[in-house]
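Hello,

Here is the structure I said I would pass on. Please open it next to this message; my notes follow below.

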Amino acid sequence: MGNSCNSPMAETIMQNLMVKTSLYWEIDSAALRAWNIGRKPDKLCLRVLREHGLRTDHFCRLLTVNDFNYFDNVIAMNEHVHKELMLWANVNHVQNTSNVVMLGSYGQDGKPVSVISLSPARKLKAFRSAYYQFKDCCKQFILSQQVKIVRYDLPSTDEEDDQDFAALNISDQNRSVESSQSMDNLSVDLAKHNPSQSSQTPSLISYHKKKLCENCGQKFLATL
């Protein structure tokens, strides 16, 4: 409601899932109350996000009428906020409210859950529990949209080391043989301009892009 605990945490979690599943959605969160406008999320919210390697640059803002028309979905964090959203929309003459849903509607196996309500008065344990609950609901929401999930398979550390070793061997062979190829000329030019980097060899990294079927997408999301 104040856009300091629940919604900025859910926003950051969803944004992270977007990156990992290659979905290009615009995610934002907003408040129904003005007391935190322009402020960062609560310190416990930021701490739990950092524990999971996540950060947010979000500053609290107030919900606007345009949000109902601009965003495909307006997600309320709990039933109380959902009722306030519907009342707020009625007072401000918002005609389209069919896209207003509750995050708790997207529990595991399609069963609704009671979302943990956070506030600056709650303890760290509640924020940590809420993180996992929000993440599970966000995953189920993604699956409910019936979108194609893309997975990028990056090489493991061992594979990268093998590639680096192979590249190093090729580089050593090229140094001992004169060549008129453009890549050799480029290497000479780089050595002249960057003497300190002349002995360095760039690593060669490849990845595989794969669109997942519905079942594979569910399994992939479960691992995130």
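Where does asparagine 3 sit? Asparagine 3 is in the segment before H1. Keep in mind throughout that this is a predicted model.

**Start of the chain**

Asparagine 3 is not a glycine, yet it has a positive phi of about 60°. Asparagine 3 is also buried, at a relative accessible area of 1%.

Serine 4 is likewise placed in the segment before helix H1 (6-21). Its relative accessible area is 12%, so serine 4 counts as buried; the cut-off for that is under 20%. What does serine 4 touch, leaving aside its neighbours within four places in sequence? The contacts are Asn36, Pro41, Asp42 and Cys45.

**Overall layout**

The protein has 224 residues, and 35% of them count as buried. Its secondary structure comes to 8 helices and 4 strands. From the N terminus, the order is α-α-α-β-α-β-α-β-α-α-β-α. Take the contacts in the protein with a separation of 6 or more: 75% of them come from residues 24 or more positions apart.

Helix H5 covers residues 124-144, which is 21 residues. At 1.5 Å a residue H5 should span 30 Å, and its end C-alpha atoms are 30 Å apart, so the two values agree. Just after H5 comes glutamine 146, with a positive phi of about 55°.

H1 packs with H5 at an angle of about 50°, and their axes are 9 Å apart. That angle makes H1 oblique to H5. The crossing of H1 past H5 is right-handed. Which residues of H1 and H5 meet?

- From H1: Asn6, Met9, Ala10, Ile13, Met14, Leu17 and Met18.
- From H5: Phe127, Ala130, Tyr131, Phe134, Lys135, Cys138, Lys139, Phe141 and Ile142.

By class, the residues of the contact of H1 with H5 are 13 nonpolar, 1 polar and 2 charged.

Helix H2 (residues 43-51) also packs with H5. Here the angle is about 50° and the axes are 10 Å apart. H2 is therefore oblique to H5. H2 and H5 cross in a right-handed sense. These residues make the contact:

- From H2: Leu44, Cys45, Arg47, Val48, Leu49 and Glu51.
- From H5: Leu124, Phe127, Arg128 and Tyr131.

In the contact of H2 with H5, 7 residues are nonpolar, none is polar and 3 are charged.

**Phenylalanine 68**

Phenylalanine 68 lies in helix H3 (residues 65-70). Is phenylalanine 68 buried or exposed? It is buried, with a relative accessible area of 0%. Leaving aside its neighbours within four places in sequence, phenylalanine 68 is in contact with Leu63, Val74, Leu85, Trp88, Ala89, Val94, Asn96, Asn99 and Val100. One of these, asparagine 96, is 28 residues away along the chain. The C-alpha atoms of phenylalanine 68 and asparagine 96 are separated by 6.9 Å.

**Histidine 93**

Histidine 93 is in the loop between helix H4 (79-91) and strand S2 (100-102). Its phi is near 60°, a positive value in a residue other than glycine. Histidine 93 is exposed, with a relative accessible area of 68%. Asparagine 3, by contrast, is buried.

Best wishes

Note on methods. Residues numbered from 1 in each chain as written. Predicted model: local features only at pLDDT ≥ 70, side-chain atom pairs only at ≥ 80, totals over all residues. Heavy atoms only, no water. Helix = DSSP H or I, 4+ residues; strand = E, 2+ residues; numbered from the N terminus. Buried < 20%, exposed > 50% of the residue type's maximum accessible area, 1.4 Å probe, protein only. Contact = heavy atoms within 4.5 Å. Expected span 1.5 Å × (residues − 1). Axes fitted to C-alpha atoms, helices over the stretch in contact; angles between N-to-C directions. Parallel < 35°, antiparallel > 145°, perpendicular 65-115°, else oblique. Left-handed = near helix turned anticlockwise from the far one by under 90°. Nonpolar A, V, L, I, M, F, W, Y, C, P; charged D, E, K, R; others polar.
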